[in-house]
Amino acid sequence: MEKVVKERSRRALLRSGAAAALGGAGFLAAACAPAPNGGPGAGPTAPASPGGASPDRRRLALPAESMRHERTFMAWPPSDSVWEDATAAVQRDVARLARAVAEYEPVTLLAAPAEAGRARRACGAQVEIMPVPVDDLWMRDSGPTFVTGPGGAVAGTDFHFNGWGGKQGHRRDGQVAKRLLTREDVARIDASITAEGGSLDTDGAGTLLVTESSLVNPNRNPGRSRADIEGALKDLLGVDKVIWLKGVRGEDITDCHVDALARFAEPGVVVLSRPPAGAGPDVWTRVYDQARGVLESATDARGKRLEIVELPEPEPAELGERGADFLGSYVNYYVINGAVLLPRFGDRTADDRAASVVRDLHPGRTVVQLDISTLAEGGGGIHCATQQRPAV
């Protein structure tokens, strides 16, 4: 089973030749082109259904994850996903995560109609099942990014998920944002750029953290400059300041999403994933060094210098046999109503240290540590698998 996970993980897809095969079939060209009738730039803010009101974009805001949620959305990896023989194992991780979230806030799990019964049995009665077909479980990226507007309105930004720049099929996931918003009767904002929720992190006070490698990239936004994309982000998300980390292209399927590298714990405080002692030098230690250098000199939307709190990654020697694509980032945690869901990787010292740091960063919330070993082997984590709808 582990061998299959290694070969079919999000990072390994790059090296397995899947991207080349998709490109040869014309997939990459189609993914990079604006989608007809609803692709990037296809139109202004539009309600997802007759009942959805269109908010004034000039007054939109992207709430911090720590603000109260109405619910969390997740997705059930189907039997025909890239997980192949590891499907049952990753479904167990998803069910474990859904049940943990449901202890604190409502959860809606998207699942293909044919998979709904199995998902319901695995997740329990506390988790609502929404019959929407999906390709994979990464709701942070395929789902809408929710923003708030004047008068407490909520809208969902559809960033036109394209399989992380055409690296994975997205026939169903490319429609998830639109379908979810229609079913929820929430206004849909038709984004003028392609992005994923994992490429964005906010302090909720006007500052956005992003990685350049996952946005200023021809596989998402061909011909668009960093200034163009920054302007679109400010317009779509109501932020005033964008802090750009360089990241790295082509080393994982996401092109280095920020939510496994650096996150706001609160305005003025950034938690940064630090490679384990003795790591590198390699591409990921260079990503860390560059990010730390930017954050040390950056200011937020209020002009305040940032405090950096490092969250060391687990020691590989303490984890047993893990694939090369294993994502050992504690920063990929998820803040929910009353709790923080944090991965537990098996390095007891690092796991305990991470829980202590996160507990200090989020006082008043219970830290719940979860084994997500198959998710992590797939190059993702707890945050990647969840997407919050803010409460208003």
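Predicted model: local features only at pLDDT ≥ 70, side-chain atom pairs only at ≥ 80, totals over all residues.
Local features are described where pLDDT is at least 70, side-chain atom pairs count only at pLDDT 80 or more, and totals for chains, interfaces and linings use all residues. Residues are numbered from 1 along each chain as its sequence is written, and side-chain values use heavy atoms, with hydrogens and water left out.

Helices (H or I, at least four residues) and strands (E, at least two) are DSSP runs, numbered from the N terminus, and two strands pair if DSSP finds at least two bridges between them. This sheet is open, with the order 3-2-1-16 and mixed pairing. Its edges are strand 3 (127-131) and strand 16 (387-390); each has a single partner strand, so one side of each is left without a neighbour in the sheet. On average, neighbouring strands here are turned by 30° against each other, direction ignored. Angles run from 0 to 180 degrees between N-to-C directions, and axes are lines fitted to C-alpha atoms, for helices over the stretch in contact.

Look next at strand 2 (residues 107-111), which pairs with strand 3 in the parallel sense over five bridges. Ala111 has Pro131 in strand 3 as its bridge partner. Across strand 1 (69-75), strand 2 and strand 3 lies helix 5 (residues 87-102), running at about 175° to strand 1.

Now for the other sheet, which is open too, with three strands in the order 7-8-9 and mixed pairing. Strand 7 (200-202) and strand 9 (241-245) each have a single partner strand, so one side of each is left without a neighbour in the sheet. Neighbouring strands are turned by 25° against each other on average, direction ignored. Strand 8 (residues 207-211) pairs with strand 9 in the parallel sense over five bridges, and Ile243 in strand 9 is the bridge partner of Leu209. Helix 10 (residues 226-237) packs on this sheet, touching strand 7, strand 8 and strand 9, at about 135° to the direction of strand 9. Helix 11 (residues 283-297) also packs on the sheet, where it touches strand 8 and strand 9 and makes about 150° with strand 9.

Finally, find Ser273 in strand 11 (residues 269-274). Is Ser273 buried or exposed? Its relative accessibility is 2%, so Ser273 counts as buried (buried means under 20% relative accessible area, exposed over 50%, partly exposed in between, with a 1.4 Å probe and protein chains only). Beyond its neighbours within four places in sequence, Ser273 is in contact with residues including Tyr288, Leu311 and Val331 (contact means heavy atoms within 4.5 Å). Its side chain also makes a polar contact with the side chain of Glu313 (2.7 Å). A polar contact is a pair of N or O atoms within 3.5 Å; within protein, one must be able to donate a hydrogen and the other to accept it, and residues adjacent in sequence count only if both atoms are side-chain atoms.
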